[in-house]
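Hi everyone, thanks for coming along. Let me put the model on the screen, and then I'll walk you through it.

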Amino acid sequence: MTVNISYLHPQYWRLYLLTLVLGIGGSFQYGIQISIITFPAEHVQRFVNHTWTLRYGAPLSDSNSKLVWSFVLAVLSLGGWAGAIHGGRLPVVYGRKKTLLFNNVVAIVAALLMIFCRMAKSFEMIFLGRFLYGYNIGLGLNVHLMYLGESSPKKLRGFLTLTGSIFIALGKLTGQIVGIKELMGTEELWPYLLALSGVPAVLQFVTLQFFPEAPRYLYIDKGDTEGAKQALQWLWQEDNLKVELEDMQEERESTRGEEAKTLRDALTSRSVRWQILTLALPCGGIQFCGINALYFYAFDIFHESGVPENQIQHLALGIGATELTAVALCSFLIERIGRKKLMGYGYLTMGVTMTVLTVTLSLKHLNSWIPYLNIALIFCVICVYGLGPCGVSMALSADLFLQAWRPSAYVISGTINWLSMFMVGMLFGYVVDDLGPFCFLIFVAYTISSGAFLLGFVPETKGRTMVEITQDFDRLNYKNSAPLTSPTYCSTKF
């Protein structure tokens, strides 16, 4: 089977550059923050304990130390939630481009807090820095996907929005590489390691100035037909834009001049009921598939699998490399196989694999080769996640909603994603202590149910316009109701 890459036409080189710029300051930041915090864990905990002792004359107890560390991990999610909530309004009022420029300033401030926290003897600066990083990621992920999806032609939309997942995987791998003890994961350099996200923020702040605003935002939201046409010509390097302009005109007319929908509209409107379910369950709730639990507690899981201490860091690097390779392969499969099958069967395969992993972790003492099987199963979970749910969740989210609904829909998805990530970050360490190898059964239930939901109900979105996708979902939204005059675009309440 050959992979068709004819859509990678050189005329779109400016669009590919925009994809790179958006990725470096967008989803790359998410990936690097997920993985980088694991490596200086020992140094950060020692710093917190030392600072506490200087202030109060006694060290933290083991239980309190574990609680503080769990909060260091989880406070990123609270910031992400705040950023996701603002991701519904800021890009509508100020535009996609200006919102991202502001967002980069937030990351730069967070980086400065990390650099000076040791000098100020303040572990609270780490909390605040992680919160601001979370805000940067929560807002950046939403706007990154909006900006890219609204700047891409239909034939490239799936591939380019999937690059969001590629940059997440690249960020995770980058964090794992620079975090090893031979580079920046040392007692002297850990504040600079935690400040590393300031570098891509500066890069995006400088380079994004040279790119236009998202064409669909200009055309549909602002009514700037000429500005949208100029942006498309600059990004796509072609003059024949009739089909794309007609598609945007059809979408603009379909909204009948309506303003961007509110969060309440998205939650109560029957016309997007199944799109919201699709966004919330298999996409927004993706944290419950267990992938970030593997990253947050990779060292603990490998230790539970029986891996010697001196090999654990290198296996963690292997996780990042495996996910990046799998997501890159997914980018070539998504337009051939489709979103629905890749994500649905991916979730089912993850569920089955984690069920087997639970059994083999319980039996690891019976034979010397079982720990190696456990490692292989962990890598299998990562590989399947990269091939399916990781990559497709980005592309599918960008396909589901018309322009007026998209910002509020991303707020809902971001809220679910970040709150579930907060729960995993705060509780999974305790769950591992109490349940041991049976901790993965929690994630098995989610992956099996999400896979069944996708394969059983969600229509395929590959190669279809936003209006066509909405019409497909209307068959579910209005299945048992009398036809409406314009069911696709009405805001009928439950």
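Let me begin with how helices are named here: helices (H or I, at least four residues) and strands (E, at least two) are DSSP runs, numbered from the N terminus. This is a predicted model, where local features need pLDDT of at least 70 and side-chain atom pairs count only at pLDDT 80 or more, while totals for chains, interfaces and linings use all residues. Residues are numbered from 1 along each chain as its sequence is written, and side-chain values use heavy atoms, with hydrogens and water left out.

First, the overall picture. The chain has 23 helices and zero strands. Along its principal axes, the C-alpha trace spans about 70 × 50 × 45 Å. What radius of gyration does the chain have? It has 23 Å, which agrees with the value near 23 Å for a compact globule of 494 residues. That radius is taken over C-alpha atoms, and the globule rule is 2.2 Å times the number of residues to the power 0.38. Buried residues make up 60% of the 494 residues; buried means under 20% relative accessible area, exposed over 50%, and partly exposed in between, with a 1.4 Å probe and protein chains only.

Domain 1 (12-211) and domain 2 (258-477) each give at least three residues to the lining of the largest cavity, with the bounds taken from an automatic or database domain assignment. By class, the lining has 13 nonpolar, nine polar and one charged residues. Here Ala, Val, Leu, Ile, Met, Phe, Trp, Tyr, Cys and Pro count as nonpolar, Asp, Glu, Lys and Arg as charged, and the others, Gly among them, as polar.

Next, a few individual spots. V106 sits in helix α6 (residues 96-120) and is buried, at 11% relative accessible area. V106 and L132 are 26 residues apart in sequence and 6.3 Å apart in space, C-alpha to C-alpha. T353, in helix α19 (residues 339-362), is buried too, at 9%. T353 and Q11 are 342 residues apart in sequence and 42 Å apart in space, C-alpha to C-alpha.

Finally, two loops. Most residues other than glycine have a negative phi. K121, in the loop between α6 and α7, has a positive phi near 55° and is partly exposed, with a relative accessible area of 47%. Q237 lies in the loop between α12 (225-236) and α13 (242-254). Its phi is positive, about 60°, and Q237 counts as partly exposed at 39%.
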